[in-house]
Number of protein chains: 2
Amino acid sequence: MSNEKIPYKIYLEESEMPKEWYNVRADMKNKPAPLLNPGTLQPMTAEELAPVFCDELVKQELDDTTPYIEIPEEIRDFYKMYRPSPLVRAYCLEKKLGTPAKIYYKFEGNNTSGSHKLNSAIAQAYYAKKQGLKGVTTETGAGQWGTALSMACSYFDLDCKVYMVKVSYEQKPFRREVMRTYGASVTPSPSTETEIGKKILADHPGTTGSLGCAISEAVEVATKSEGYRYVLGSVLNQVLLHQSVIGLETKAALDKIGEKADIIIGCAGGGSNLGGLISPFVGQMLRGEEDYRIIAVEPASCPSFTRGKYAYDFCDTGMVCPLAKMYTLGSGFIPAPNHAGGLRYHGMSSTLSQLYDDGLIEATSVKQTEVFEAAEYFARVEGILPAPESSHAIKVAIDEAKKCIETGEEKTIVFGLTGTGYFDMFAYEKFHDGVMDDYIPTDAEIAESLSKLPKVD
Amino acid sequence: MSNEKIPYKIYLEESEMPKEWYNVRADMKNKPAPLLNPGTLQPMTAEELAPVFCDELVKQELDDTTPYIEIPEEIRDFYKMYRPSPLVRAYCLEKKLGTPAKIYYKFEGNNTSGSHKLNSAIAQAYYAKKQGLKGVTTETGAGQWGTALSMACSYFDLDCKVYMVKVSYEQKPFRREVMRTYGASVTPSPSTETEIGKKILADHPGTTGSLGCAISEAVEVATKSEGYRYVLGSVLNQVLLHQSVIGLETKAALDKIGEKADIIIGCAGGGSNLGGLISPFVGQMLRGEEDYRIIAVEPASCPSFTRGKYAYDFCDTGMVCPLAKMYTLGSGFIPAPNHAGGLRYHGMSSTLSQLYDDGLIEATSVKQTEVFEAAEYFARVEGILPAPESSHAIKVAIDEAKKCIETGEEKTIVFGLTGTGYFDMFAYEKFHDGVMDDYIPTDAEIAESLSKLPKVD
């Protein structure tokens, strides 16, 4: 093993790090469908988006023609504190499986937020600061996004108001505490700080909250407070743009060692990681330069690609945000309560939805317990304790590597290891104790949720 | 900032990683005093140590003449999964402080155990496996060592029995769960599995355990079980030898960028990190090649260097282990119960104790709340949430960098950032809530504890 030419970890030099993000929409012939104003059903304009998002981010959100967008130097300086992230050759995993496949993973967990979310958080905080804002608001569920944003705001000395789903606030006190360390204010949602929060609490006194409710509160506070805007960690085009740094680094590292991926695998919730990882590779496909097999992995409990519908839907359960065309299970869909970690979002990024609809990427869903089996297997062999979200990709990467044992093919498999599971030990404990189950929504449940999609011809 | 020649993170190439550990004892004129048999008060022989420790580790423990010892290839392969660790240039911290000093830190937290402990855990597991043993036993308090050993044993398919201080077992369920993920059995100590555990439970029915008691249980199980040995994560010479990989990498990285350290700072509990970090630099001092200022930082609540006595003492509170000559507060000394994190050990590695006694290193102690202030400051500026242990070094590094502001000196400060604080958020919460205090033992308390030192001529 030690005589291999390719090292265990491939790091780019600082000088080789991307200086521009890649905007995959520029190379798409079928552009992602625009966001619609829920009142008029007309495409949202920059003016309509400006009260909610920072001006520069609105511009990025609507720009589907510029292929490369410069990463400002201040953001690149921040990236240098925790990037480039390593592209790891999984020698130990290959050996343990006995596969002829070569397995690589891009590891985004070596930063305090524990995931790739920081790549977009720092960009969004930067543009907010540049616009002279006082602060930003957001929601967080599992807490990765809230943590990443807290770190980013602390760096640029911005106020950060996080609305954290109440059940997570109570069950994940350590995540909350990390955010406090970075100076963020963390409020359990629903709260009495907002009109929508008060209304929800009046209607449902014992509620433990939901992501949709937290979004609504964060948006309300942003639009009603002088000098604040709302920021979001996934789904949006701007987020996929920032996350393209993952894919650009991955491609540069593969090029550096003379390797070409055959299969690229990523977990898919709202699409921030998957979209970022695959962007430059999909760009090659769109330009007819290369071909890859790209697999989106989603949880069987929340299967928007594999069992959802491609239609306009609300981005939030509160139905206050613009409509997006996406693969969706309906904005009222709520995954099984025992579902561990993220990937709980009812829809999927418009960009990825269009790519999926055009047949450029495929999708598969996996069950929760098999995901944790793969997670534990991986942790023992590769030494990294993965986040439950990331472990969806691990599961499918292992399956593909096993297929190579049968066929004898030396395929090159690349997957995204989005983060670490240090704050998910409660879920691991359930798994160890054998009390984790695999609830999968019935066809009737999904049909019922989809029957409430907004009517957009 | 971006025009600096030295990158934010200096990584060695895989081929530049150390192939040998450095044994600083070989260059010491005044050798560390030998371990003594508590019955005969004679130096422990290899035969006497063999029932407790693996044969090869006994050899390393007693070897004070061989300067370089080969790192077996299997261990180097494992190191490649998470090493080399980055030497980080703290540009953001320097800028925030406005200091002319150059600050570097060697960051050992980018692995699932969250600390440098893995460097010795994998070595000890390897030698156990090579000897054909079934497994190893150990104790753990805060949990870093237990986690590291679980990972190492999982890699070599060895059984791992961890005795975890009961209060930590209950307060740190997530640490326990990480160990379970790696297949270790974790038993709250005192337990009914051992004679000593049963005796302690009978004498003190409500006890929440102590490190000394957990050591005694782990040693009992190792010596009474066929094919098991006991392993320890700090204090011992063998541990400092393995941890020299930290210092060797640090020195190689500094040499690579043409930088020479003026001040080297490390936190000191039992001495595993500090000893590893400074070994090659102290070696240069011992050989008259270079001069450095080396600072050991210990908690004011457990100040073995700064307020202890250099004398033979028991390594464990159960008084079953050999006697070691070291700076000690007495084996019965128990730090304040509110003390956060590690560095709770009553004594200090014999090697470091001799170096301190010979004036090659200096020591200082810092209070708990000022440590957490430095930790939070660092986290916000450098993006890494540090472990409370590591933050002792941060505090003093910041103080030294501030002195440079006054004097205008461009000193090069290097400190060891031993790990991350993800599992220490309970302590951070106390700090944020203002309920952390700074208990410092009185002179009378220390004198009382020291009055019970064993009588050795």
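This is a predicted model: local features need pLDDT of at least 70, side-chain atom pairs count only at pLDDT 80 or more; totals for chains, interfaces and linings use all residues.

User: Why is Ala375(A) called buried?

Analyst: Buried means under 20% relative accessible area. Ala375(A) has a relative accessible area of 1%, so it counts as buried. Its place is in helix H15 (residues 368–382) of chain A.

User: What is Ala375(A) in contact with, leaving aside its neighbours within four places in sequence?

Analyst: The contacts are Pro386(A), Ser391(A) and Tyr428(A). Contact requires heavy atoms within 4.5 Å. As for His432(A), it is 57 residues from Ala375(A) along the chain, and the two C-alpha atoms are separated by 12 Å.

User: Helix H15 of chain A also holds Gln368(A). Why is Gln368(A) called buried?

Analyst: The relative accessible area of Gln368(A) is 9%. The cut-off is under 20%, so the label buried applies.

User: What does the side chain of Gln368(A) lie 3.0 Å from?

Analyst: A polar atom of that side chain lies 3.0 Å from the backbone oxygen of Asp437(A). The limit for a polar contact is 3.5 Å.

User: What makes H10(A) mostly covered?

Analyst: Of its 14 residues, 11 are buried. Among them are Gly212(A), Cys213(A), Glu217(A) and Glu220(A). The buried residues pack against several elements of chain A, including strand S6 (135–140), strand S7 (159–165) and helix H9 (195–203).

User: What is found at the start of H10(A)?

Analyst: A side-chain oxygen of Ser210(A) reaches to within 3.2 Å of the backbone nitrogen of Cys213(A).

User: Why is helix H6 of chain A called largely enclosed?

Analyst: Because 11 of the 12 residues of H6(A) are buried. Trp145(A), Leu149(A) and Met151(A) are among them. The cover includes helix H5 (118–130) and helix H16 (388–407) of chain A. Helix H15 (368–382) of chain B takes part too.

User: How does the reach of H6(A) compare with what is expected?

Analyst: H6(A) reaches 17 Å from its first C-alpha to its last, close to the expected 16 Å. Asp157(A) follows H6(A) and has a positive phi, near 55°.

User: Why does Thr194(B) count as buried?

Analyst: Its relative accessibility is 1%, against a cut-off of under 20%, so Thr194(B) is buried. Thr194(B) sits in the loop between strand S8 (185–189) and helix H9 (195–203) of chain B.

User: What makes the pairing of Thr194(B) with Glu217(B) a polar contact?

Analyst: Their side chains come to 2.7 Å. A polar contact needs a pair of N or O atoms within 3.5 Å. Beyond its sequence neighbours within four places, Thr194(B) is in contact with Glu217(B), Glu220(B) and Val221(B).

User: How many cavities of 30 Å³ or more are there?

Analyst: The structure holds 12. The largest cavity has about 490 Å³ of space. Of the 43 residues that line it, the closest to its centre are Phe107(A), Asn110(A), Asn111(A), Phe107(B) and Asn110(B).

User: What residues make up the lining of the largest cavity?

Analyst: The lining divides into 25 nonpolar, 14 polar and 4 charged residues. Helix H3 (73–82) of chain A gives two or more residues to the lining, as do helix H3 (73–82) and strand S5 (102–107) of chain B.

Technical notes:
Residues are numbered from 1 along each chain as its sequence is written. Chains are lettered from A and ligands numbered from 1 in the order in which they are written. Side-chain values use heavy atoms; hydrogens and water are left out. Helices (H or I, at least four residues) and strands (E, at least two) are DSSP runs, numbered from the N terminus. Buried means under 20% relative accessible area, exposed over 50%, partly exposed in between (1.4 Å probe, protein chains only). A polar contact is a pair of N or O atoms within 3.5 Å; within protein, one must be able to donate a hydrogen and the other to accept it, and residues adjacent in sequence count only if both atoms are side-chain atoms. On a 1 Å grid over the protein atoms alone, a cavity is a set of points where a 1.4 Å probe fits but cannot get out, and a pocket is an open set with protein on both sides within 12 Å along at least five of seven lines; lining residues have an atom within 4 Å of a point. Grid points are joined across faces, edges and corners, and a volume is the space filled by probe spheres set on the points. Ala, Val, Leu, Ile, Met, Phe, Trp, Tyr, Cys and Pro count as nonpolar, Asp, Glu, Lys and Arg as charged, and the others, Gly among them, as polar. The expected span of a helix is 1.5 Å times one less than its number of residues.
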